[in-house]
Amino acid sequence: MAMLTIGAFSKACRLSPKALRLYDELDLLRPARVDPDTGYRYYAAGQLERARLVAWLRRLGMPLAEIRQVCRLHDRDSTAAAREIQAYWARVEAQTAVRRDLAAFLVDHLMTDPHGPGKDTAMLELRYSAHSDTGRVRPANQDTAYAGRRLLAVADGFGAAGAPASSAAVEALRFLDTDDIPAGGVLDVLEDAIRGAEQAVRDVADGSDDIGTTLTALLWTGSRLALVHIGDSRAYLLRDGELFRITHDHTMVQSMVDEGRLAPEEAASHPQRALLLKALTGGGTTATPDLRLHDPRPGDRYLLCSDGLSGVVPEHRVRELLATPVSPDETVQALVGAADEAGGPDNVSCVVADVVEP
């Protein structure tokens, strides 16, 4: 069997030696032979097809975990692999459409007269509902859910004082529900408020890193929404029948998925899926939250939830329930009911808000 050195194989497939070594570690593209004395890698000419497929998919921007799935399918059925690539690209286009809308908003926002009043002119309204439930297994509820005229929030507490921690974090933001917030400064206001929430959690936790809470909140200015997020509670947007997750979990498992070391379908059952990399805790470490702006449209529906929902109810079912044309209150009750039907292993909190014209 003809063998190629890693250098020759690299040139033939246009993958760098560094990339080839990584793909070996990830069991994505193993060398045909490794010299037992030098550790030098050799590849068979027959491996070039897979290597080129990996290189093309990387140029497409596909994460390594999804490339592994495409390669597995390609080994059995090239048509199934093609469908997987098609589905991936459809998701990319959908996500790009949302980012395009945000980019258009930012261009418009930055071109607005900075000396103007900074208030919104095209006013919209929110119709909202919130509910928090203990679930079927936990003895107490450590979640907090809140929905008001301007503020929507979900917090999932943990540790011996998890319930007071989640309540303190949300309570520290509630002053935003009555203030008149200019759109131009909303992220600065929200960033300052999250520091107040962080201090409130520290006061409750009395210096313990084992006590804390996640926090995901949306602040409404009248025509725009500002998002703050830390932890593994989530925010979703239902737009034109499509569901988009607009937060990124701050967990060990999610970081492994991002790095291509874990497939997305493996994440749900991973033993460390609840291990947080970021949260508001009683320790002295300041955690940096995610902050971003959203430009909503009439007809949009937003969901904030704790992992008591997202961890047990699949996204396709969440989309079905959100897409049902009923009130936010009925939708919240249906979502909590779906979590209970799935066993209700954790506390579950949901906030649903519809964007409507007055």
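Start by selecting residues 315–323, helix α11, together with residues 328–341, helix α12: they pack at an angle of about 155°, with their axes 9 Å apart. (Axes are lines fitted to C-alpha atoms, for helices over the stretch in contact, and angles run from 0 to 180 degrees between N-to-C directions.) Helices here are DSSP runs of H or I with at least four residues, strands are runs of E with at least two, and both are numbered from the N terminus.

A word on the model before moving on. This is a predicted model, in which local features need pLDDT of at least 70 and side-chain atom pairs count only at pLDDT 80 or more, while totals for chains, interfaces and linings use all residues. Residues are numbered from 1 along each chain as its sequence is written, and side-chain values use heavy atoms, with hydrogens and water left out.

**Stop 1: still at α11 and α12**

Because of their angle, α11 and α12 are roughly antiparallel to each other; that label applies over 145 degrees, with under 35 counting as roughly parallel, 65 to 115 as roughly perpendicular and the rest as oblique. Now show the side chains: V318, L321 and L322 in α11 meet T331, A334, L335 and A338 in α12, where contact means heavy atoms within 4.5 Å. Colour them by class and this contact divides into 6 nonpolar residues, 1 polar and no charged. (Ala, Val, Leu, Ile, Met, Phe, Trp, Tyr, Cys and Pro count as nonpolar, Asp, Glu, Lys and Arg as charged, and the others, Gly among them, as polar.)

**Stop 2: α1 and α2**

Next, select residues 6–13 for helix α1 and 17–25 for helix α2, which pack at an angle of about 100° with axes 9 Å apart. The pair is therefore roughly perpendicular. From α1, I6, F9, S10 and C13 meet P17, L20 and R21 of α2. By class, the contact of α1 with α2 has 5 nonpolar residues, 1 polar and 1 charged.

**Stop 3: the cysteines**

Stay on C13, which is buried at a relative accessible area of 3%; buried means under 20%, exposed over 50% and partly exposed in between, using a 1.4 Å probe and protein chains only. Then jump to C305, also buried, at 0%. With a disulfide defined as a pair of cysteine sulfur atoms within 2.5 Å, the count comes to 0.

**Last stop: zoom out**

With the whole chain in view, there are 12 helices and 15 strands. Of its 358 residues, 48% are buried. Among contacts between residues at least 6 apart in sequence, 68% join residues at least 24 apart.
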